[in-house]
Amino acid sequence: MKWKKMVCILTVFSIVLSGCGWAIQSEETLPETSDNESSTASEMGVLSRSDGFMVGALSDKLTVRIAEEDLNDENLETGKYAVLSAQIHELDYQKLADELFGKDVQLEHSDNGQVNSYTFTAENEDTFYYDTEQDRYSTVAFISSFQTQIQYIFRSSPKTEIMNEAGNTTSFFEKNRDLSFLSAEKAEETVRKLLEGCGLSLFPEADVYSLTKESLKKAENYLDGMGELNDIRSGESLKKGKWTAEDECYYMIFRGSVENLPVYQYRRMGREEELSAGTSIELIYSAEGIRYLYISNPYRMIEEISKKQKVVSMKEAFVQLKDMYENILDENKKTVEQCYLCYLPVYEKSGIILKPVWYLEVHTEYEQESDVQDQWNAYYLDAVSCEWITEE
């Protein structure tokens, strides 16, 4: 059987968050969206509903297929947003640690000159820690033995960042299916209240995956068949084999929020001089409560850099994407699979700024060496100036 390979090859228009600097237009010279642009977008009528998707054709090269559940209200509104000055939000770490362990926690502090780290390890080896690095990155984590086996199986890496099919197994798991110990709605409500009580600003919608014993087994068998569950050093299988009701849990992915818009969701790891890092909030919730928690880069607004301005619509973002792809000469099938309005954190010498952008994710399917390959590229369109944010 041929396996489709996921290859993250970034084109000249793709966005790699590395240390080359961002080409961002000055706020004083941002043009207003022209009447012609707006008219062109509205006349396209690109989207229609079909089997739970919004679909359409931008051109003979480029189509749209976006799950309706991904088309949240912020995608369809063209309200006014400003470029913001921001900083890492200092959460109530002590309260968060106390809530997770159900008692007063004494956090151990260490400082190597760059990173302030605070760690607590319980008798059962569950660990809570957080650290900050030069006010640019912040990581908070609660790690348990329960979570380790689950994360062999549940993998949620974004498509633009994974290098093989095993990097994302979310398709094996239903969303918002009630588990026996607590409903999905109540579980999300409980977790959201805790996180917001500790200082996090969350977008109203979250992804709540229901990990049943049956779905865990199916995903495990799939990964095992691909040779993905063998320990690299020992060669021994990491397969659990038997999953029970005690293993069932919810895996939740929340989005940070500023000014009622979500913040770009995924953190890109790697080079020290990277200029942007999105917010990531993921956790596992079982009958025993939170068994895993990871928070990176929660931002909060300091002040507005520019006055609020109307952002271009999603259809107008599609117009710009269509025009860009008109200059790409290959005939491979391309599909827009995600499009949403968000704040993109960008690091400048003056500090962190948040820019309202349209995030667009394009899937390209092509043949190479008698095999089918897949490529996902991410693009960021300044939602005010309607200019692509690219590297210099």
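The model is predicted, so local features need pLDDT of at least 70 and side-chain atom pairs count only at pLDDT 80 or more, while totals for chains, interfaces and linings use all residues. Residues are numbered from 1 along each chain as its sequence is written, and side-chain values use heavy atoms, with hydrogens and water left out.

**Overview. The protein chain has seven helices and 24 strands.** Helices (H or I, at least four residues) and strands (E, at least two) are DSSP runs, numbered from the N terminus. Of the 392 residues, 51% are buried, meaning under 20% relative accessible area with a 1.4 Å probe, protein chains only. Take the contacts (heavy atoms within 4.5 Å) between residues at least 6 apart in sequence: 70% of them join residues at least 24 apart. The chain exposes about 19200 Å², and carbon and sulfur atoms supply 44% of that; these areas come from the Shrake-Rupley method with a 1.4 Å probe, and for residues only the protein chains shown count as cover.

**Close-up 1. Aromatic rings pair up here.** Rings of Phe, Tyr and Trp (its six-membered ring) pair if their centres lie within 6.5 Å; planes under 30 degrees apart are stacked, over 60 edge-to-face, and the rest tilted. That rule gives 19 aromatic pairs. In one of them, Phe154 and Phe173 have ring centres 5.4 Å apart and planes at 55°, so they make a tilted pair. Both residues sit in the loop between α4 (145-153) and β12 (174-175), 19 residues apart. Phe154 is buried at 2% relative accessibility, and Phe173 is buried too, at 6%. Elsewhere, ring pairs join Tyr93, Tyr118, Phe128 and Tyr130 into a cluster.

**Close-up 2. Two arginines sit over phenylalanine rings.** A charge counts as over a ring if NZ of Lys or CZ of Arg is within 6 Å of the ring centre and within 35 degrees of the ring normal. Arg65 has its charged end 3.8 Å from the centre of the Phe53 ring. For Arg255, over the face of Phe203, the distance to the ring centre is 5.4 Å.

**Close-up 3. Thr212 is tucked into a loop as a buried residue.** The loop runs between β13 (207-211) and α6 (213-225). How buried is Thr212? Its relative accessible area is 5%. Beyond its neighbours within four places in sequence, Thr212 contacts Arg177, Leu179 and Glu248.

**Close-up 4. Helix α3 covers residues 93-101.** Its buried residues are Tyr93, Leu96, Ala97, Asp98, Leu100 and Phe101. An α-helix has 3.6 residues a turn, so residues three or four places apart point the same way. Just past α3, Gly102 adopts a positive phi of about 70°.

Notes
Buried means under 20% relative accessible area, exposed over 50%, partly exposed in between (1.4 Å probe, protein chains only).
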